[in-house]
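The sequence and structure are shown first.

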Amino acid sequence: MSGSAPRRWLTAVAAAVVAGGLALVAAPAAAGTASFGFVRLAHLSPDTPAVDVYLSSPTGAVKNQVFKAVAYGVVSPYLTLPVGVYEVAMRVANAPASSKPVLTTSVTVTARQAYTVAGVGRHAQLGLSIIKDDLTLPTADKAKVRVVQASVRAPVLAVSVADGPTIADDVAFATTTPYREVDPGRWRLIVRPVESGPQTQLTTSLGAGNVYSVLVLDNKASGLTAKVLTDASRRGGLPSGGVETGAGGTQPAPRGSALPLGVALALFGVGLGVAVLRRRPAGRHVRM
C-alpha cells in the first residue's frame, strides 16, 4: 500500500462519519415534520368590530395564544402546531379573557395539512369557518391561486385577468373557491361585482411554483379592495413559525444547548481524521 493510501482511507472514514452524523441529525427533523400541521387565523366579517382571538390546546400541547384587536381583513401568518385538536375563540376586543366568547370552534390539525380559521359572514350571522388550505406546490412552470370572497358590498363577484382568462366566476360572499393552476407572471387582476358596481384592479406578480389566495374585501370608503396572500412558496416550502409549546415532548431545545449527538460525532470524526493525518511525519513514505 502506498503512503497516500492511509490518507485516502482516513479521509473516507471521516467522510463516512460526517455522513452518518448528518443522517442522525436529519432523521429526527424529518420525523418531526410529519407530526405538525399549520393554522392561521383571519377576520373576514366586514361589519364586525375588532376582536381578540384565542387559540388553546385542551391537552396542553402548546401554550395558550391570544391575538389582540384583530380587525377586518387581517390574516395571521401560519402557526406550526403539533397534530391534535385546538380550540379557537373570539371575544370583543379588550374583553376579559374570562368573559364568555362571542364565537368558539375547534379545529383538528392533521400532519402536514393547513387550515384558515376565519370569522365570516355579517355580524348578525357571524360564524367561525374552517377553510382547508391546499399548500401542495404546483409544477415549476405554474402558479396556483384561489379567491376568498369577504366582500358584502359585492354579494357575488368575478375575478379575471385583464385581457386574459377568468380565474373565478359567480363567487358568493363568505365562500372560497378551489385552487386552480395559472401561468405565472405579472398580472393585472380585475375584481368586479356580477350584478352591478365599480370594479377593482390589482396589479401583482405570481411566482412560478407558488400558491396564492386573492382576498377580496370591502374598502373602508367605498367599493372593493383586494390583496394577494402567499400561502406557500417553492423557495420556502411549507410554512414555518411554531408557537411556544407546552411542557410535553414537543418543546424545542433552548438556544445555546449542547450540540446534537450526530453533529458531535461528525465533528469528532473530522477532528480525528485531521489529527491522524497531521501526525504523519513529512517526507517519509513507508511501503507495505
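Which residues line the largest cavity? The lining consists of R40, A42, L44, V75, T116, I131, R146, V148, S213, L215 and L229. Here a cavity is a set of points, on a 1 Å grid over the protein atoms alone, where a 1.4 Å probe fits but cannot get out; a pocket is an open set with protein on both sides within 12 Å along at least five of seven lines; and lining residues have an atom within 4 Å of a point.

**Basis of the model**

The model is predicted: local features need pLDDT of at least 70, side-chain atom pairs count only at pLDDT 80 or more, and totals for chains, interfaces and linings use all residues. Residues are numbered from 1 along each chain as its sequence is written, and side-chain values use heavy atoms, with hydrogens and water left out.

The predictor's confidence in each residue is given as pLDDT, from 0 to 100. Its mean for the protein is 77, and 71% of the residues reach 70 or more. Over residues 1-32 the pLDDT is below 50, and this stretch has 25 contacts in the model beyond near neighbours in sequence; a contact means heavy atoms within 4.5 Å. Residues 247-288 also have pLDDT under 50, with 31 contacts beyond four places in sequence.

**Overall make-up**

The protein has two helices and 17 strands, taken as DSSP runs numbered from the N terminus (helices: H or I, at least four residues; strands: E, at least two). Of its 288 residues, 39% count as buried; buried means under 20% relative accessible area, exposed over 50%, and partly exposed in between (1.4 Å probe, protein chains only). Among contacts with a separation of 6 or more, 65% join residues 24 or more positions apart.

**Cavity and pocket**

A search of the whole structure finds one cavity of 30 Å³ or more. Volumes are the space filled by probe spheres set on the grid points, which are joined across faces, edges and corners. Residue classes are nonpolar (Ala, Val, Leu, Ile, Met, Phe, Trp, Tyr, Cys and Pro), charged (Asp, Glu, Lys and Arg) and polar (the others, Gly among them).

| Space | Volume | Lining by class |
|---|---|---|
| Largest cavity | about 70 Å³ | seven nonpolar, two polar, two charged residues |
| Largest pocket | about 160 Å³ | two nonpolar, two polar, three charged residues |

Strands β1 (36-44), β9 (143-150) and β16 (211-218) each supply at least two residues of the cavity lining. The largest share, three residues, comes from β1. The largest pocket is lined by A71, Y72, R153, D218, N219, K220 and T225.

S160 is found in strand β10 (residues 156-161). Its relative accessible area is 13%, so S160 is buried. Not counting residues up to four places away in sequence, S160 touches P165, T166, I167, R188, L189 and I190.

V62 is placed in the loop between β2 (51-56) and β3. With a relative accessibility of 3%, V62 counts as buried. The C-alpha atoms of V62 and Y86 are 9.4 Å apart, and the two residues are 24 residues apart in sequence.

V66 belongs to strand β3 (residues 65-70). V66 is partly exposed because its relative accessible area is 40%. Leaving aside neighbours within four places in sequence, V66 is in contact with V53 and Y54. A distance of 9.4 Å separates the C-alpha atoms of V66 and A89, which are 23 residues apart along the chain.
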